[in-house]
Amino acid sequence: METTMSARLLRIAREALAKRAGAAEQEGAEAGFTLIELMVVLLIMAILLAIAIPTFLGVKGGAQDRAAQSNLSNALISAKSIYATNSSYLVATSMATTLNAQEPELVFATGTAVTTNTNSISVNVGSGGGQLVLVDYSSANGGSCWAVSDWDGTNAATEIGGTTFPGQGTTYSGWKIPAGGCSAAAIPTTATFGSKYPAAVS
């Protein structure tokens, strides 16, 4: 009697386990995503990327612009200390050499256009040493030139590149990179210098 009961219970347990295993196999076969579900997920990802990529590029471009402007600010501080020592800016080649010694993390050159996102800065000094122009490059927005000018008022305001400077003191500008690159020796006559950098260049 007990043996028969045990056999019956064992058979029932086996049947229950078999049913459970069969149900699990069926669930596994039906598990996964339908084609429509996958397409919806991919569409959502594409929309998110379309929103995120322009934002990322804008932030990256802004950071490049700020880096170029920061380099110019540091260079100008060193240049003004040279002016204070000599009562004028040195001729361009000497100015570049002296700035290279004072600011070893930056590279200053005359007659060389800057075309890459490096720490290179183009230098130009007006005749008489009364005006200094420094130009740097940023690849943001297809390529931008950023410039800072310091003029003590002793030379003609249109001395460098035929560009009109608003007056004595430190002024700032920016313009789209021309074919030859960003150079302090070739400032576009359309460049406008003002009390701060423009929000965007054209």
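**Close-up views of a predicted model**

**View 1. Lining of the largest pocket.** The lining comprises five nonpolar, six polar and two charged residues. Nonpolar covers Ala, Val, Leu, Ile, Met, Phe, Trp, Tyr, Cys and Pro; charged covers Asp, Glu, Lys and Arg; the others, Gly among them, are polar. The model is predicted: local features need pLDDT of at least 70 and side-chain atom pairs pLDDT 80 or more, while totals for chains, interfaces and linings use all residues. Numbering starts from 1 along each chain as its sequence is written, and side-chain values use heavy atoms, without hydrogens and water. The largest pocket holds about 160 Å³ of space. Among its 13 lining residues, Gly174, Trp175, Thr190, Ala191 and Thr192 are the closest to the centre. (Pocket: on a 1 Å grid over the protein atoms alone, an open set of points where a 1.4 Å probe fits, with protein on both sides within 12 Å along at least five of seven lines; lining residues have an atom within 4 Å of a point. Volume: the space filled by probe spheres set on points joined across faces, edges and corners.)

**View 2. The disulfide Cys145–Cys182.** The S to S distance is 2.0 Å (cut-off: cysteine sulfur atoms within 2.5 Å). The S-S torsion is about -85°, so the disulfide is left-handed. Cys145 lies in strand β4 (residues 144–151) and Cys182 in the segment after β5 (169–176), so the pair ties together parts 37 residues apart in sequence (strands: DSSP E runs of at least two residues, numbered from the N terminus).

**View 3. Pairing of β4 with β5.** These strands run antiparallel, joined by eight bridges (pairing needs at least two DSSP bridges). Ser149 has Thr171 of β5 as its bridge partner.

Methods
Helices (H or I, at least four residues) and strands (E, at least two) are DSSP runs, numbered from the N terminus.
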